[in-house]
Amino acid sequence: MAKKKPTVLIADDHEIVRAGVRNLLESGGYTVCAEVSNGRDAVKQAEQVQPEVVILDVTLPELNGNEAATQVLKFCPDTKVLVFTVHDAEQVVVQIFRTGAHGYILKSDAGRQLLDAVKCVLEGKHYFSSKISEVIFDSMRNN
């Protein structure tokens with residue numbers, strides 16, 4: 001029997017980004033079970049399809065990524081949340097990790113790191129883009 005491909009939900013308000021992420025994920029052996037363009041639909045779809053991973057932008061209409069991550073993790077406790085965004089400000093990073101997100105990857109790193117990030121969070125580990133690791137380290141050192 002063939003091994004089931006891990007399922008991923010993509011939440012980004014830009015169709016071209018969703019298409020690119022879908023292509024990358026599918027070429028890496030993942031199944032995209034849903035795509036949505038706003039945070040409210042991300043939560044609804046996550047509840048319905050119970051994906052193994054939700055890839056979530058921070059800047060989403062209707063419900064921002066921070067709020068959506070909190071609700072996805074509340075209603076789908078076995079789902080891993082991987083934030084996928086352009087935002088690298090310390091305050092945003094810290095807020096996202098306080099929601100319980102499992103990873104944070106910058107869109108500029110997607111081509112090189114997205115598949116590794118998904119694999120990592122599926123294994124129960126945390127994943128950060130290298131620049132995000134620096135932001136976290138600097139935040140801890142300055143507190």
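In helix H1, the buried residues include Arg-18, Val-21 and Leu-25. Buried means under 20% relative accessible area, exposed over 50%, and partly exposed in between, with a 1.4 Å probe and protein chains only. These three cover an arc of only 70° around the axis, which puts them on the same side of H1; the arc is that of the directions from the helix axis to the C-beta atoms. An α-helix has 3.6 residues a turn, so residues three or four places apart point the same way. On the other side of H1, Glu-15, Ile-16, Asn-23 and Ser-27 are exposed.

A word on the source. This is a predicted model, where local features need pLDDT of at least 70, side-chain atom pairs count only at pLDDT 80 or more, and totals for chains, interfaces and linings use all residues. Residues are numbered from 1 along each chain as its sequence is written, and side-chain values use heavy atoms, with hydrogens and water left out.

What covers the buried residues of H1? The cover includes strands S1 (7-11), S2 (31-36), S3 (53-56) and S4 (80-85), and helix H5 (110-122). Helices (H or I, at least four residues) and strands (E, at least two) are DSSP runs, numbered from the N terminus.

H1 has 13 residues, 15-27, and at 1.5 Å a residue should span 18 Å; its end C-alpha atoms are 18 Å apart, which agrees. The expected span is 1.5 Å times one less than the number of residues. After H1 comes Gly-29, with a positive phi near 95°.

Now the two single residues. Thr-7 sits in strand S1 and is buried, at 14% relative accessibility. Neighbours within four places in sequence aside, Thr-7 is in contact (heavy atoms within 4.5 Å) with Thr-31, Cys-33, Gln-50, Pro-51, Glu-52 and Val-53.

Thr-99 belongs to helix H4, residues 90-99, and is buried too, with a relative accessible area of 17%.

Finally, the chain. How many helices and strands are there? There are 6 helices and 6 strands, in the order β-α-β-α-β-α-β-α-β-α-β-α along the sequence. The radius of gyration is 14 Å, close to the 15 Å that the globule rule gives for 143 residues, so the chain is as compact as a globular protein of that length. Of the 143 residues, 43% are buried.

Key:
The radius of gyration is taken over C-alpha atoms; the globule rule is 2.2 Å times the number of residues to the power 0.38.
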